[in-house]
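My notes follow as numbered points, to be read with the model open beside them.

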Amino acid sequence: MLDDVDLERYSRQLLVPDLDVAGQEMLAAATVLVVGLGGLGCPAALYLAAAGVGTLRLADGDRVELSNLQRQIAHTEAGLGDNKARSAARAVSAINRGVRVDVIDHHLDAGNMAAAVEGVDLVLDASDRFATRYALNRACVAAGVPLLSAAAIRLEGQLALFDTAAGGPCYRCLYPDAAADDDSLACSENGVLGPVVGVLGSLQALEAIKYLVGMESTLRDALLVLDLRSLALQRLALVRRRSCPDCQP
């Protein structure tokens, strides 16, 4: 139940017809895993905390570097050298002490991904390695948990919601054979403007909130592609691949 403090804190979003008090209570009861607390995961986690998601599970094994601060807005100069998940957890708690934060301060891989996904309602993929994304995809398929994946580089980005439990495609259906091409996701190799990852991380948080409160998601079974240089948007339909090794029985 929402108390008077909650009603004041969330008063503006409670006015949204598709959310209201019932939706706010759904957010408070939800658990979301955010994998990667970099340029995408930072704004996503901060907006989810501000919106009142009850539990955030933050996973990242990297440490904060000076070059991160241009775009990874949960981290500060005072936190240089700190683990990114712990740094982001401090920022989340500074925004909303009512949010429970579980910290996973090591890299996730095929051996520990299932435990990280266990018990969550939604997973946000904000990582930058195909190996991590593939392992996360397999864990989400196995657990029947939707995967909301974002990526951004240079002045471009994309976003998709993969919900195999509802019969939709998985991440591997979209990218069947890209595990050896991690450099294509690396900002150190390609560059990126800070607001670009901010836009994609914010959209990731928006779609997460919509999913958690039961709003109709415009991105289920679809890929949103953004060219932020020209502000052109495309929405592409996605279907399951019959030969997908991850989501086909």
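1. Let me start with helix H5, residues 84-95. Its 12 residues should span 16 Å at 1.5 Å a residue, and the end C-alpha atoms are 17 Å apart, which agrees. Do keep in mind throughout that this is a predicted model. The buried residues of H5 are Lys84, Ala85, Ser87, Ala88, Ala89, Ala91 and Val92. They pack against H4, S2 and S3.

2. Next, the sheet. In what order do the 8 strands of the open sheet run? The order is S3-S2-S1-S4-S5-S6-S7-S8, and the pairing is mixed. At the edges sit strand S3 (100-104) and strand S8 (232-237), each of which pairs on one side only. From one strand to the next, the twist averages 15 degrees.

3. Helix H4 (residues 41-51) packs on it and touches S1, strand S2 (55-59) and S4; the direction of H4 makes about 165 degrees with that of S2. Helix H10 (residues 194-212) lies across S1, S4, S5, strand S6 (156-162) and S7, and runs at about 170 degrees to S5.

4. Why can S1 be called largely enclosed by the rest of the structure? The reason is that 5 of the 5 residues of S1 are buried. Thr31, Leu33 and Val35 point one way from the strand, while Val32 and Val34 point the other way, and all are buried. This is a pattern to expect, because side chains in a regular strand alternate between the two faces of the sheet. S1 and S2 run parallel and are joined by 5 bridges, with Thr31 standing opposite Thr55 in S2.

5. At the other end of the strand order, the pairing of strand S7 (residues 222-227) with S8 is antiparallel, over 6 bridges.

6. Helix H7 (residues 130-143) is another one to inspect. Its 14 residues reach 20 Å from the first C-alpha to the last, close to the 20 Å expected at 1.5 Å a residue. Buried in H7 are Phe130, Thr132, Arg133, Tyr134, Ala135, Leu136, Asn137, Ala139 and Cys140. Their cover includes strand S1 (31-35), helix H6 (113-117), strand S4 (122-125), strand S5 (147-153) and helix H8 (171-174). After H7 comes Gly144, and its phi is positive, near 70 degrees.

7. Now the aromatic residues. The model has 5 aromatic pairs. One of them joins Phe162 and Tyr171 in an edge-to-face arrangement, 5.8 Å centre to centre with 85 degrees between the planes. Tyr171 also pairs with Tyr175, and here the rings are tilted: 5.4 Å centre to centre and 45 degrees between the planes. Phe162 counts as buried at 3% relative accessibility, and Tyr171 is buried too, with a relative accessible area of 2%. Tyr175, at 24%, counts as partly exposed. Phe130, Tyr134, Phe162, Tyr171 and Tyr175 form one aromatic cluster; of these, Phe130 and Tyr134 are among the buried residues of H7.

8. Please look at Asp163 as well. Is Asp163 buried or exposed? Asp163 is buried, with a relative accessible area of 7%. Asp163 lies in the loop between S6 and H8. Leaving aside residues up to four places away in sequence, Asp163 touches Pro146, Gly168, Pro169, Tyr211 and Arg220.

9. Finally, the cysteines. How many disulfides are there? The count comes to 0. The pair to examine is Cys173 and Cys247: the sulfur of Cys173 has its closest cysteine sulfur in Cys247, 3.4 Å away, which is too far for a bond. The cut-off that matters here is 2.5 Å between the sulfur atoms.

Key. Residues numbered from 1 in each chain as written. Predicted model: local features only at pLDDT ≥ 70, side-chain atom pairs only at ≥ 80, totals over all residues. Heavy atoms only, no water. Helix = DSSP H or I, 4+ residues; strand = E, 2+ residues; numbered from the N terminus. Expected span 1.5 Å × (residues − 1). Buried < 20%, exposed > 50% of the residue type's maximum accessible area, 1.4 Å probe, protein only. Contact = heavy atoms within 4.5 Å. Pairing = 2+ DSSP bridges. Axes fitted to C-alpha atoms, helices over the stretch in contact; angles between N-to-C directions. Phe/Tyr/Trp six-rings, centres within 6.5 Å; stacked < 30°, edge-to-face > 60°.
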